[in-house]
Amino acid sequence: MSRRTRRPRPARPTPASCPCGLPAAYDDCCGRLHRGQARAATAEQLMRSRYSAFAVGDEAYLLRSWHPTTRPPGAGLDAGVRWVRLEILGTTEGSAFHTTGTVEFRAHYTEGGRTGSLHENSRFVRHEGDWVYLDAVTGD
């Protein structure tokens, strides 16, 4: 796969409803996690908050919620990609009683007038008490 130069992503306006798909306002849902006012209680909640961070362009949160052993220097946000919908397809473990968990999801986006989706099974672990993204096995 070739590397392409990514354009810096400008901050997007705060959405009224949360991009993660739950029936809540962004400020009361994933926005609290992005601002550091709450912690993800489950791997799925962290996954949803990371999807929302992609949707609103919050690179700092994406990097903070990434395990230090697999964290890249930047999240690679692309201003031309608009994340439009998240589907949670399944979870294993990842509750308040676990130290590991997976979340399978499909994230829908548009880029250059075309629609697409990313299917992934993400692995999450506890690091210093918090859920963090470790890595992924990519689907279709």
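Helices (H or I, at least four residues) and strands (E, at least two) are DSSP runs, numbered from the N terminus. The model is a predicted one, in which local features need pLDDT of at least 70 and side-chain atom pairs count only at pLDDT 80 or more, while totals for chains, interfaces and linings use all residues. Residues are numbered from 1 along each chain as its sequence is written, and side-chain values use heavy atoms, with hydrogens and water left out.

**Exercise 1.** Describe the lining of the second largest pocket.

*Solution.* A pocket is an open set of points on a 1 Å grid over the protein atoms alone, where a 1.4 Å probe fits, with protein on both sides within 12 Å along at least five of seven lines, and its lining residues have an atom within 4 Å of a point.
Step 1: the lining consists of 17 residues, and Tyr61, Arg64, Ser65, Asp130 and Trp131 lie nearest the centre.
Step 2: two or more residues each come from α3 (59–64) and β4 (130–138), and β4 gives the largest share, three residues.

**Exercise 2.** Identify the largest nonpolar core and the contacts of Met47.

*Solution.* Such a core is a set of buried (under 20% relative accessible area, 1.4 Å probe, protein chains only) Ala, Val, Leu, Ile, Met, Phe, Trp, Tyr and Cys residues joined through side-chain atoms within 4.5 Å.
Step 1: the core has 24 residues, and Met47 is among those with the most contacts inside it.
Step 2: its largest share, six residues, comes from α2.
Step 3: leaving aside neighbours within four places in sequence, Met47 is in contact (heavy atoms within 4.5 Å) with Leu86, Ile88, Val103, Phe105, Ser122 and Phe124.

Definitions and conventions: Buried < 20%, exposed > 50% of the residue type's maximum accessible area, 1.4 Å probe, protein only.
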